[in-house]
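Visitor: I have a model open here and would like to walk through it with you. Could we begin with how some of the helices pack?

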Amino acid sequence: MPHRLRYRRLEGRVAIVTGAGAGLGRAHALALAEHGAKVVVNDLGGSTDGTGQGSAAADQVVSQILAAGGEAVAEYSSVADPGSAARIVDAAISAWGRLDILVNNAGVLRDRTIPNLTDEDIETVLDVHLKGSFSVSRAAYRVMKPAGFGRIILTASGAGFFGAAGQANYSAAKGGIAGLSRALAVEGARYGITSNCLAPLAQTRLTGDAFGPLGAALQPELISPLVVFLASPTTTVTGEVFSAGGGRFARIFTAYTPGVLLNAGAGPTTADEIEAHLTEILDVDGYTVPASSAEEVMTLVGQLAGHSGPASVAD
């Protein structure tokens, strides 16, 4: 099977890609196979809103991989069904006896402004994106942990960090996925399991013509090299979120500012004091990117320990 840049580090590795029948998932599955991985192509075969199902989409991608000399099997479960997670992972174990890489990509859209969102709109999007990623990652983790190796890649979105009009359900799900990825990274560090997020900008059937003329430059295939890199056994980066699109790759990160310590040990701070120091609180100079929430807590403990008695910001 042809490969680019001799990046054959995925030889013998087994990968699952959810939602791999079209768009980003299809591009990721083909790229992983091109670089030597054996791929479970999971796709429900439904519409962009999560309704319907079929086998044609997954079968077509598998056929393309096989025709190019790779190895792949199709799997048609919905990630929204918690019971499907084990079946998706079992497909890899049954075919090749192992699982090394999981790419959580499956997604749907139910775009409406907040007043018009129905309970079903909210639940469907959360079930596929957030709960689906959680369930399949948990099932994969249970296999990866005893093996001492795993590469988990999740699909977040800029909407989960920066918001998007008409996508409150989608934004909430994608923000949750970023938090899930960080937790997986922290827990997985001792077991050789990495976890990272993509925040892709790509023209797919989900985005339609949302990007207008720019869409021609935002092909899914331009993002997949990052997936190959993050899936490699020699890549140790973990807990990161990468914005990717059109050949540009960037880091999205969560940080906290130095802030101000108000009235440490001298009783509650007042709202007036917070308002008076708001500029300092919001000042991003000297921000910190913690490795975990525990690290943030320890930073605060250190700040508080620096005050032996009642103090205020004016001290």
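Visitor: In which sense, left-handed or right-handed, does α3 pass α4?

Guide: This is a predicted model, and in it α3 passes α4 in a right-handed crossing. Helix α3 covers residues 84-96 and helix α4 covers residues 119-147. They pack at an angle of about 40°, and their axes are 8 Å apart.

Visitor: Why are α3 and α4 called oblique?

Guide: Angles under 35 degrees would count as roughly parallel, and 65 to 115 as roughly perpendicular. The angle between these two helices is about 40°, and that makes α3 oblique to α4.

Visitor: Which residues make the contact of α3 with α4?

Guide: On the α3 side they are Ala85, Ala86, Ile88, Val89 and Ile93. From α4 come Ser135, Val136, Ala139, Ala140 and Val143. By class, the contact of α3 with α4 has nine nonpolar residues, one polar residue and no charged residues.

Visitor: Now α1 and α7. At what angle do they pack?

Guide: The angle between α1 and helix α7 (residues 224-231) is about 50°, with their axes 9 Å apart. The two helices are therefore oblique to each other, and their crossing is right-handed.

Visitor: And what makes the contact there?

Guide: Helix α1 contributes Ala27, His28, Ala31 and Leu32, while α7 contributes Ser224, Val227, Val228 and Ala231. By class, this contact has six nonpolar, two polar and no charged residues.

Visitor: Changing topic: what is the strand order of the sheet?

Guide: It is an open sheet of eight strands in the order β3-β2-β1-β4-β5-β6-β7-β8, with mixed pairing. The edge strands, each pairing on one side only, are β3 (72-75) and β8 (248-252). On average, neighbouring strands of this sheet are turned by 20° against each other, direction ignored.

Visitor: Which strands does α1 touch?

Guide: Helix α1 (residues 23-34) packs on the sheet and touches β1 (14-17), β2 (38-42), β4 (101-104) and β6 (193-200). The direction of α1 makes about 170° with that of β1.

Visitor: How many bridges does β7 form with β8?

Guide: Strand β7 (residues 241-245) pairs with β8 over five bridges, in the antiparallel sense. Phe242 stands opposite Arg251 in β8, and the bridge partner of Val241 in β8 is Ile252. The hairpin of these strands has two residues between them, and Gly246 takes a positive phi near 65° there.

Visitor: What about β6 and β7: how many bridges join them?

Guide: Four bridges join β6 to β7, and these strands run parallel. Ala199 stands opposite Ser243 in β7.

Visitor: How many residues of β7 are buried?

Guide: Five of its five residues are buried, so β7 is mostly covered. Val241, Ser243 and Gly245 point one way from β7, and Phe242 and Ala244 point the other way. In a regular strand the side chains alternate between the two faces of the sheet.

Visitor: One last residue. Where does Leu222 lie?

Guide: Leu222 lies in the loop between β6 and α7. At 37% relative accessibility, Leu222 counts as partly exposed.

Visitor: Which residues does Leu222 touch, leaving out those up to four places away in sequence?

Guide: Leu222 touches Ala217, Gly246, Gly247 and Phe249. Leu222 and His28 are 194 residues apart in sequence, and their C-alpha atoms are 9.8 Å apart in space. His28 is also one of the α1 residues in the contact with α7.

Terms used
Residues are numbered from 1 along each chain as its sequence is written. This is a predicted model: local features need pLDDT of at least 70, side-chain atom pairs count only at pLDDT 80 or more; totals for chains, interfaces and linings use all residues. Side-chain values use heavy atoms; hydrogens and water are left out. Two strands pair if DSSP finds at least two bridges between them. Axes are lines fitted to C-alpha atoms, for helices over the stretch in contact, and angles run from 0 to 180 degrees between N-to-C directions. Contact means heavy atoms within 4.5 Å. Angles under 35 degrees count as roughly parallel, over 145 as roughly antiparallel, 65 to 115 as roughly perpendicular and the rest as oblique. A crossing is left-handed if the near helix is turned anticlockwise from the far one by less than a right angle, and right-handed if clockwise. Ala, Val, Leu, Ile, Met, Phe, Trp, Tyr, Cys and Pro count as nonpolar, Asp, Glu, Lys and Arg as charged, and the others, Gly among them, as polar. Buried means under 20% relative accessible area, exposed over 50%, partly exposed in between (1.4 Å probe, protein chains only).
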